[in-house]
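Please look over the sequence and coordinates before reading on.

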Amino acid sequence: MNKMFSIMKPNLRGLNLWQLDGRPMSGDIGRGATKESIAFAVQLAKAKDRPSGFLQLAGGTNAYTIEGLKKEGLFQTTITEYLDHEESSNTTSNPSCALISGIAYGGYARKIVGRVLRSMQSQHGGAVAIEDHPEHLLLALREALGLVGPVKCL
């Protein structure tokens, strides 16, 4: 990552985001599924030479990921926390402060929103557009907001 960052750095015009792909869990909803993803974040937190930028976990993430990261003290929700860390990391070394700033849900998100879509299709038949059924669209949005709300501080 540091080699890539050294190549990219002269051309960066903003903040950098590293997506850290863990092991795909195919939308597993249990607490145990996210343990590997959190363990990876813990290991990364200990790395003294991690590259600059935001870190986003992917693979093995689900509704329990944020809770687990917070228990480890590894989840931030504001850019101020990131900027404060960047300034302090120039003067001190704090290996326990990872910058896990986002969660990519992938298969888990498809699974929870898919429930709404399957329900809609069974009620209204085959290939129907969710936009034509506001009650299902609202339900899908509620499911999605329940998942990303804690990440986005909603």
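Glu67 and Lys71 both belong to helix α3 (residues 65-71), where they are 4 residues apart, about one turn of the helix; helices (H or I, at least four residues) and strands (E, at least two) are DSSP runs, numbered from the N terminus. The model is predicted, so local features need pLDDT of at least 70 and side-chain atom pairs count only at pLDDT 80 or more, while totals for chains, interfaces and linings use all residues. Residues are numbered from 1 along each chain as its sequence is written, and side-chain values use heavy atoms, with hydrogens and water left out.

The two residues form a salt bridge (a side-chain nitrogen of Lys or Arg within 4 Å of a carboxyl oxygen of Asp or Glu), with the closest N and O atoms 3.6 Å apart. Their exposure is tabulated below, where buried means under 20% relative accessible area, exposed over 50%, and partly exposed in between (1.4 Å probe, protein chains only).

| Residue | Relative accessible area | Class |
|---|---|---|
| Glu67 | 32% | partly exposed |
| Lys71 | 67% | exposed |

Three strands form an open sheet in the order β1-β2-β3, with parallel pairing, two strands being paired if DSSP finds at least two bridges between them.
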